[in-house]
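I opened the notebook to record what I looked up, entry by entry, with the cut-offs beside each term.

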Amino acid sequence: MCGIVGLYLKNEQLRPQLGSLFQPMLEEMKSRGPDSAGVAIYRDAVAPHQIKYSLAHDQADYDWQLLGSELDNHCQCESSIRQIDSHAILVCDAPEQTVRNWLKQHRPGVRLVGSGSSLEIFKEVGLPEAVYSRFELSTAGGTHMIGHTRMATESAVTTAGSHPFATGADLCLVHNGSLSNHNRLREQLEKAGLEFQTENDSEVAAAYMTLKIREGMTLRQTLKQALIDLDGFYTFCVGTTNGFAVLRDPIACKHAVLAETDDWVAMATEYRAIATLPGSETANIWEPKPQTIYAWGELE
Amino acid sequence: MPSIDLQETGLRALNTTLQSVEQKDAAYTITNPMGAHAIACGLTHEINVTIEGHAGFYCAGMNQRANVTVKGHAGVGLAENMMSGTVRVTGNASQSAGATAHGGLLIIEGDASSRCGISMKGIDIVVGGSVGHMSGFMAQAGNLVICGDAGEALGDSIYEAVIYVQGTVESLGADCEEKPMDEEHIKSLTGLLALSGINAKAEAFKRYGSARTLYNFQPDNAGDY
């Protein structure tokens, strides 16, 4: 099971309503995944010399402001940090590796769930409406969102095992399906230096894509290579800086539907998640073909 | 013509109503389908149902005698196990359309996805556009008409169903082969196209069916088992 949804707003006038348009999409997929829910939202791009980090911690009263001030002192940088429930959005002008190293060394309980210029990731155990409300997403504006409702099959129901998973700067992945070669692949990726927070198969797919992009492949090349290297069932939706991409395995038995109007493009596991969008009645609707990359925005 | 708002009425009440109508040619319009699953399933009488919008999974499943029209897109498992009657979709359909269906006529004016007509047992399916991979898999009886192109492994392990394709076939499945278009096939296909209201010439199609080499155990193949 699991439900995945994606929405990109082509019409700029709709962008202030992104969160409210996306909310019924995610909630409609509750029956496919009541264990946990998560979203990636692309909004408020930071200045070119800054990087935005999505951080999470299990402790509800975690002192994020202290984290921010200590980071500034240790790394001689300027940062701002805003707590949103169990997550925080950190914007910092230090080099990314400096921030990653500092967090790993000084804040091992903090999970870095995403980074980039405009990407923010929020995910938690619970029903989608509860998760959505915790992170104040219904009033959020932005260009695009992808989301996931999880019915756990391969690993435990935890916040860390929830989707989306980051795959690089402003890149993240949601997955409906199950991979059959994830253990072998995890070993190979660990040898290449990647670290894992969970036993989750989708995290392996995300780490795989992270490595390929780090090695210099474009996202399009990465997705093509994934068709060869990933074994199992999958419909992926990959969030990118200015859009999203959809890829299905060669058998394509994990459901997916795409819909497009002049104002927006949407993907979902089932059409009912798209039905509430304005103009969906007259949208062009089709099922994406297997092993075919569908993309809105740049992949190169 | 009674109009039923699915969001107000609810799926179970809607289907109970449609299943209980016995008056021949009674006509119902369903509004606000919102992609709900199992709309107009299990109908048994000669009634006409029009769904104004996109339907979810398993629309018009197990249909007997009724005429169901979806004005929009239909999700997975359209007209699954249909016995008789007619189902028409004006848009595209997702995978496994007409799966295991025993009879009746299914018309998809747009494209159908993968596994269209999988294990069909006597239904006639006419697709105005193209079909995806593994269509006609283990198809036992009936006709699958594809006015566009067919994806990979068309008619894999097919029994006695007949497949007509006007466009290109990406690849044929195991034991499926091209066969000659005889006069009886032109006649049969012309009739199906006319019934479907789809404008195409039967002479432009190719016919595919079973090579019948998988029917019986072959001692020569023992090493493959």
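Is B:Phe57 buried or exposed, and what is its relative accessible area? I found that B:Phe57 is buried, with a relative accessible area of 9%, where buried means under 20% relative accessible area, exposed over 50% and partly exposed in between, with a 1.4 Å probe and protein chains only.

Before going on I noted the conventions: this is a predicted model, in which local features need pLDDT of at least 70 and side-chain atom pairs count only at pLDDT 80 or more, while totals for chains, interfaces and linings use all residues. Residues are numbered from 1 along each chain as its sequence is written, chains are lettered from A and ligands numbered from 1 in the order in which they are written, and side-chain values use heavy atoms, with hydrogens and water left out.

Entry on aromatic pairs. I counted rings of Phe, Tyr and Trp (its six-membered ring) as paired if their centres lie within 6.5 Å, with planes under 30 degrees apart as stacked, over 60 as edge-to-face and the rest as tilted. By this rule I get 5 aromatic pairs over all chains. One of them is A:Tyr234 with A:Phe236, which is stacked at 4.6 Å centre to centre with 15° between the planes, and both A:Tyr234 and A:Phe236 are buried. Another of them, B:Phe57 with B:Tyr58, is edge-to-face at 5.8 Å centre to centre with 85° between the planes. B:Tyr58 counts as partly exposed, at 36% relative accessibility.

Entry on the backbone. I looked up B:Tyr58 again and found a positive phi of about 60°, although B:Tyr58 is not a glycine; B:Tyr58 lies in the loop between strand S3 (48-51) and strand S4 (67-70) of chain B. Helices (H or I, at least four residues) and strands (E, at least two) are DSSP runs, numbered from the N terminus. B:Asp25 also has a positive phi, near 65°, and its place is in the loop between helix H2 (11-20) and strand S2 (27-31) of chain B. In chain A, a cis peptide bond joins A:His163 and A:Pro164, with omega about 0°. I noted these because most residues other than glycine have a negative phi, and most peptide bonds are trans.

Entry on chain B as a whole. I read 3 helices and 11 strands, and buried residues make up 53% of the 225 residues in chain B. The C-alpha atoms of chain B fill a box of roughly 60 × 40 × 25 Å, taken along the principal axes.
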